[in-house]
Amino acid sequence: MRKILAEFILLKLWGWKFETVYPVQTKSSVVVVMPHTSYWDFPVGILLRPIIHLNTRFIAKHSLFNFPLGYLMRGLGGIPVNRDKAITFVDAVVQLYKNDPHLILTITPEGTRSKVDKLKRGFYQIAMKAGVPIVCCKFDWGTKTIGFDAPFYLTGDYEKDLPQILNYFKGTHGRHPERDFIIP
């Protein structure tokens, strides 16, 4: 029922289509979604999950999980992370992977919906430390197309890996293209 409703809203009402679907050969990954320029990326992602049968999760600051919003956040796949503790954010997320070998976590490397000149490195550090591949996912608002790339296994050399990761997103536009991260 959830799949039918999600397909009706995302594909029929909103007019989105798939370029490619999530590569099922990965049991655990960091899904990197770009560009992230609007709050509307969140409902697109939430509706996408039942359509492609993907139990991807997302992380958010722990204060968003207080009553009563916490029930909704957890129900949508949210995982609270307390960034105030002595453990670093990256290490806290890596611990989530150690506790759940089937974790698929969605991260937006811009870290905000505003325009940025450089990406946050946390997505890379998390995937590297957890030993999981990155799967690139684009929400192209220009063509209303959703696509996934093949799993990318990191080499440990951020400067070498980043251009290969970003190449997948070339020509992709967010809901607010003026906020798109400019891919070199």
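The second largest pocket of this predicted model has a volume of about 160 Å³. A pocket here is an open set of points on a 1 Å grid over the protein atoms alone, with protein on both sides within 12 Å along at least five of seven lines, where a 1.4 Å probe fits. Volume is the space filled by probe spheres set on the points, which are joined across faces, edges and corners. The lining, meaning residues with an atom within 4 Å of a point, consists of Asp117, Lys118, Leu119, Arg121, Tyr158, Glu159, Leu162, Pro163, Leu166, Phe181 and Pro184. These divide into seven nonpolar, no polar and four charged residues, where Ala, Val, Leu, Ile, Met, Phe, Trp, Tyr, Cys and Pro count as nonpolar, Asp, Glu, Lys and Arg as charged, and the others, Gly among them, as polar.

Residues are numbered from 1 along each chain as its sequence is written, and side-chain values use heavy atoms, with hydrogens and water left out.

The largest pocket holds about 1200 Å³ of space. Its lining counts 40 residues, and His36, Phe58, Ile59, Thr106 and Thr108 are the ones nearest the centre. By type, the lining of the largest pocket comprises 24 nonpolar, nine polar and seven charged residues. At least two lining residues come from each of strand 2 (29-34), helix 2 (41-51), strand 3 (57-61), helix 4 (89-99), strand 5 (104-107), helix 5 (122-130) and strand 6 (134-140). Helix 2 gives the largest share, seven residues. Helices (H or I, at least four residues) and strands (E, at least two) are DSSP runs, numbered from the N terminus.

Turning to the fold, the chain has six helices and seven strands, arranged along the sequence as α-β-β-α-β-α-β-α-β-α-β-β-α. The radius of gyration is 16 Å, close to the 16 Å that the globule rule gives for 184 residues, so the chain is as compact as a globular protein of that length. This radius is taken over C-alpha atoms, and the rule is 2.2 Å times the number of residues to the power 0.38. Of the 184 residues, 46% count as buried, that is, under 20% relative accessible area with a 1.4 Å probe and protein chains only, against over 50% for exposed and partly exposed in between. Among contacts (heavy atoms within 4.5 Å) between residues at least 6 apart in sequence, 71% join residues at least 24 apart.

Val90, Ala92, Val93, Val94 and Tyr97 of helix 4 are buried, and their cover includes strand 2, strand 3, strand 4 (78-81), strand 5 and helix 5.

Most residues other than glycine have a negative phi, and most peptide bonds are trans. The bond from Met34 to Pro35 is cis, with omega near -15°, and Pro35 sits in the loop between strand 2 and helix 2. Another cis bond, with omega near 0°, runs from Phe67 to Pro68, in which Pro68 belongs to the loop between strand 3 and helix 3 (69-75). His53, in the loop between helix 2 and strand 3, has a positive phi of about 55° and counts as exposed at 65% relative accessibility. Lys144, in the loop between strand 6 and strand 7 (145-148), has a positive phi of about 50° and is partly exposed, at 29%.

Conventions. Predicted model: local features only at pLDDT ≥ 70, side-chain atom pairs only at ≥ 80, totals over all residues.
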